[in-house]
Amino acid sequence: MKIENRTELKEYRTECQKRQRAKCRVLICGGTGCLAGGSDKIYQKMLELTKNDGNVSVEFGAEIAHTKVMKSGCHGFCEMGPLVRIEPHNYLYIKVSPDDCEEIYQKTICEGKSIERLLYHMDGQVYASQEEIPFYAKQTRLVLKNCGHIDADHIEGAMVVGAYSALEKALFEMTPESVIDMIYESNLRGRGGAGFRTGRKWKQVASQKEKIRYVVCNGDEGDPGAFMDRSIMEGDPHRMIEGMMIAAYAVQAQEGYIYVRAEYPLAIQRLETAIHQAEEIGILGDHILGTNFSFRLHINRGAGAFVCGEGSALTASIEGKRGMPRVKPPRTVQQGLWAKPTVLNNVETYANVPMIIQNGAEWYLGIGTPESPGTKAFALTGNVRNTGLIEVPMGITLREVIYDIGGGIQNGKKFKAVQIGGPSGGCLTEKQLDSKMDFDSLAKIGAMIGSGGLVIMDENTCMVEVARFFMSFTQRESCGKCVPCREGTKRMLEILERIVAGNGKPTDIDELRELADMIESTALCGLGKSAPKPVISTLNAFAEEYREHIEDKKCKTGVCTNLRQFQIDLDICKGCSKCARNCPAGAIEGELKSPYHINQEKCIKCGACMEQCPFKAISVAR
Amino acid sequence: MLDTSYYEKADEIIARHTREERSLIPIIQDIQEEYRYLPPELLTYVAKQIGITEAKAYSVASFYENFSFEQKGKYVIKVCDGTACHVRKSIPILERLYKELGLNDKKHTSDDLYFTVETVSCLGACGLAPAITVNDVVYPKMSPEKVVDLLKELRGE
């Protein structure tokens, strides 16, 4: 069935609503996180259980369904998965196992009661509904609104919550120019990292002489520690597709490409399904909804190259070439994919578009800060109590995010730093926790929003090692086209490796700074230019830690194995001699039945003694 | 020279795409999915079929990390070493796998062609750190001990 006009679209929407009117909905999180926790088994089990009930239909599209079991996209509360949400009660059950299903069916679905042990508990309080849980209560979920609440495998669920109504408005009530104007006025800025104004990009593409234009979506979310885009693609694919279509209408493009990294197989599958279903009802294809607007969408799978997140490398990869950035100008808006004018935005940016068109620029400007309006999705991970996907208004402070939403540091440890923006960003410390999170405020303190990864680190994290980790990432992912990045990152990595191995030299810090300066000012693309950032920011904030590694040959956290100092607890040691017999360097001395001791000069830091000790008397000195 | 069945399979895959440069990556991705690696002979063959030089095809295939010219094990284990997994101690898991399977950072596949161990930068399953995948199925919150159990389970099949 193809929808030919507005009236038919309205009818289709009502029809979807009718079909969706189930008394009780069981939403089982089908995001990568919960699937890994076994949500698939829960889904099967719930299907089975509800099937035995004569009144229950589990097939989608059944006319009157009493219960509906659906696989939704990510709810975002990944630490607590697998998650199951029951509507209309809005109970959110955490860490559900297939063994709980029977009880959920009996108590909650049949009797409408909650099961307390499956609800979220924090500091003695029980939270029955999702909305009350502090993790969610402090958030403003606009882009992620439907993630976890709709069936991501079927277009009908999305239609009920208004998918493609912004497209409808754009096609029937607005000109391409007025769409661009609205996005321009809303001051929407690119969520991919740099924060370039989306409306300006679109304007530039629309003003090109060349009439063949492309709309490309960057779903190559390669920053380690970030998964917001994955969750949008998995949980609400139609929102992003709608955003791309509005962009295509605005700049009069005929074809679009979504570039998704290969590590996201579920996102690819959901997008393929979404595109197929949209084509079936005539929302994608020729003469969309009976208008003159035609648009086709393709998916390209990445092949494992971080640099393809850079615009010109991404388009080269779609063309079937090595994904390497090129010198700009010409910019992507002038000569992008196949040298045609191209709108290239990130997943989250497109996902913002429909609600702006729907509610207007004024409304959007009312959220966040004037210079960075709207919300931003972050992946909150690392040593924090509640990890997961969050969405907050721009301008919120880091402290609110880490303590109010994240629930503070895991295992009662002390906060040390937060890494923001992945390999292009920096580490912020306690002192900066009250700074605002928006494009400009973060830039001022040497960090960036980047793609939105927030990795929280506790006191047991070695910052020199973190710097080495990021440098080894960028070094490995450097495409090798320009010398500053190819050679510079390699040299910086060598220095950092030497420092964590205990062979640091007093001149190393100056040398790191000099190399960083050179790479920042001369690398070809944004990835190279920002590569030294994690090193510089840790050098600035944790100079003392670097000094200790280099001069005292000491790593307080015990992370750097070559700098560890093993010690024997004299009170626990029984003098069994097992450690001495197992020490390959003969560094442990003592007499049977009295405590042994380690000769630090001879010790090669292998840790064999600690592994062998039957009394756990050997530990790493702090 | 490979068995003719390989070329027939390649023909079948090529037929699903257009014969032009832009199809190179999708085609060799499909081939790799079929054989768990990219036989070099097939890369040459594909290049010819879609009308690009062998050198060009090789330059592309060797650029992207996902393509492997060497045969991989039945179970491809990817250990995530993204930031979140790294700070929640992913390296001890990798080291344990290396030790158990007699592998190292140069040798990724066990001699019996049963296991391949690789690292990836981020699987996007940061909420479940440290995570690993076995043939694309995510195993959350791993530890060196759990990984040993997992190997046993996989071997038992």
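What share of the contacts in chain A with a separation of 6 or more comes from residues 24 or more positions apart? In this predicted model, where local features need pLDDT of at least 70, side-chain atom pairs count only at pLDDT 80 or more and totals for chains, interfaces and linings use all residues, the share is 71%, two residues being in contact if their C-beta atoms, placed from the backbone, lie within 7 Å. Residues are numbered from 1 along each chain as its sequence is written, while chains are lettered from A and ligands numbered from 1 in the order in which they are written.

Chain A holds 25 helices and 19 strands (DSSP runs of H or I, at least four residues, and of E, at least two, numbered from the N terminus). Its radius of gyration, taken over C-alpha atoms, is 27 Å, close to the 25 Å from the globule rule (2.2 Å times the number of residues to the power 0.38) for 622 residues, so chain A is as compact as a globular protein of that length. The C-alpha trace of chain A spans about 90 × 65 × 40 Å along its principal axes. Of the 622 residues, 54% are buried, with 20 or more other C-beta atoms within 10 Å of their own C-beta atom, placed from the backbone.

Turning to the partner chain, 41 residues of chain A are in contact with 33 residues of chain B. On the side of chain A that touches chain B, α2(A) gives the largest share, 4 residues.

Within chain B, helix α3 (residues 40-50) has the buried residues Leu42(B), Leu43(B), Tyr45(B), Val46(B) and Ala47(B). These pack against α1 (4-15), α2 (24-35) and α4 (54-63) of chain B. After α3(B) comes Gly51(B), with a positive phi near 75°.

Definitions and conventions
Buried ≥ 20, exposed ≤ 12 C-beta atoms within 10 Å, placed from the backbone.
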